[in-house]
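Subject: Structure handover

Hi,

Here is the structure I promised to pass on. Please open it and follow along with the notes below.

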Amino acid sequence: MPYGTAVRRRKLGAELRALRSRAGLTSGEAARLVGWHQSKVSRIETGRSRVKASDVTLLLDAYSVRDPALRDLLVAMAGPGGGDGRTHWWQAYRDLLPPEYRDFIRLESQADRMRTLETTVVPGLFQTPDYARAVTRAALVGLPDAQVDALVEVRLARQEVLRRDPPLQVSAVLDEAVLRRAVGGPGVMERQLYRLLEAARLPHVRVQVLPFAAGEHIGVTGPFVILSFSNISDLDVVVLDHLTSSLYLEGTEDLKAYASAFNSLQRVALSPEDSLEFIAGTCDGA
């Protein structure tokens with residue numbers, strides 16, 4: 001299931017149940033406040049019922065939850081579809097973006113930390129416009145120019161998480177192939193590598209290169225992203241991208257396995273300092 005998984009529903013339900021208890025309300029009292037039957041509140045709290053973002057907003061209002069970061073995160077957990085009374089930038093691209101991509105953007109915008117392994121292309125948060133355009137054209141052959149341009153705009157808008165206050169903390173492990181593949185041609189690739197250097201020097205970004213000399217490693221099965229959230233410690237989600245969709249893994253064992261894999265990759269990759277030198281050397285040879 002691309003979004004709104006049973007695991008996430010249970011986590012969201014548990015958090016809403018805790019907030020209701022904190023507000024000193026029974027499930028029946030909460031239901032009366034929002035005009036529902038008590039059974040609907042119970043189904044939401046136990047994760048047995050899919051919940052809409054607008055439903056979450058109603059409950060948060062009833063529980064007098066004012067923290068904007070917590071509200072945004074809990075609404076995001078309900079999946080795409082708005083409901084928080086605010087207009088987000090990605091809603092302008094609603095007709096272009098599939099639900100799972102909107103879900104990813106929403107979660108990314110609320111995350112405090114991202115860990116990512118990339119084996120083929122520079123992570124989207126570090127891409128230049130020309131590089132993003134070349135990647136989009138390669139992945140979506142035959143897409144009209146206007147839609148390609150719109151997807152590039154989305155990619156660039158996502159990068160705002162690196163400039164917000166506080167910024168998203170990013171740890172990235174990049175296979176050497178990411179630096180060697182001349183996406184868009186030599187000129188585009190050279191500018192992209194310099195952009196990657198700039199990003200890697202940011203205090204909230206940690207980039208490590210996994211050189212070919214490291215041999216086989218646990219990341220050979222493909223790239224992945226782990227998003228973490230400070231407001232809800234067990235909400236971490238693993239995202240695996242495929243050609244036509246994304247797979248979300250939110251079970252405890254999956255999260256442990258991917259977190260362990262990322263830690264292993266960091267140990268065998270070059271240090272951040274050596275990685276900067278490696279990327280700079282690749283720039284000179286681009």
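Helix α5 (residues 68-77) is largely enclosed by the rest of the structure, because eight of its 10 residues are buried. Buried means under 20% relative accessible area; exposed is over 50%, and partly exposed lies in between (1.4 Å probe, protein chains only). Helices here are DSSP runs of H or I with at least four residues, strands are runs of E with at least two, and both are numbered from the N terminus. The buried residues of α5 are L70, R71, D72, L73, L74, V75, A76 and M77. They pack against α1 (6-22), α4 (53-62) and α6 (99-110). At the start of α5, a side-chain oxygen of D67 comes within 3.0 Å of the backbone nitrogen of A69.

A word on the source: this is a predicted model, where local features need pLDDT of at least 70 and side-chain atom pairs count only at pLDDT 80 or more, while totals for chains, interfaces and linings use all residues. Residues are numbered from 1 along each chain as its sequence is written, and side-chain values use heavy atoms, with hydrogens and water left out.

Now look at L74. Leaving aside neighbours within four places in sequence, L74 is in contact (heavy atoms within 4.5 Å) with L12, E15, L19, V56, L60 and I232.

L74 also belongs to the largest nonpolar core, which has 70 residues. Such a core is a set of buried Ala, Val, Leu, Ile, Met, Phe, Trp, Tyr and Cys residues joined through side-chain atoms within 4.5 Å. L74, F126 and L227 touch the most other members. Helix α10 (residues 186-200) gives the largest share of this core, seven residues. A second, separate core has 12 residues, including V173, L249, L255 and F262.

Next, the sheet. Six strands form an open sheet with mixed pairing, in the order β3-β2-β1-β4-β5-β6. Two strands pair if DSSP finds at least two bridges between them. β3 (205-210) and β6 (246-249) stand at the edges with a single partner strand each, so one side of each has no neighbour in the sheet.

Is β3 mostly covered or uncovered? Mostly covered: five of its six residues are buried. Strand β2 (residues 169-175) pairs with β3 in the parallel sense over six bridges. A172 stands opposite V207 in β3.

Best wishes

Conventions
A polar contact is a pair of N or O atoms within 3.5 Å; within protein, one must be able to donate a hydrogen and the other to accept it, and residues adjacent in sequence count only if both atoms are side-chain atoms.
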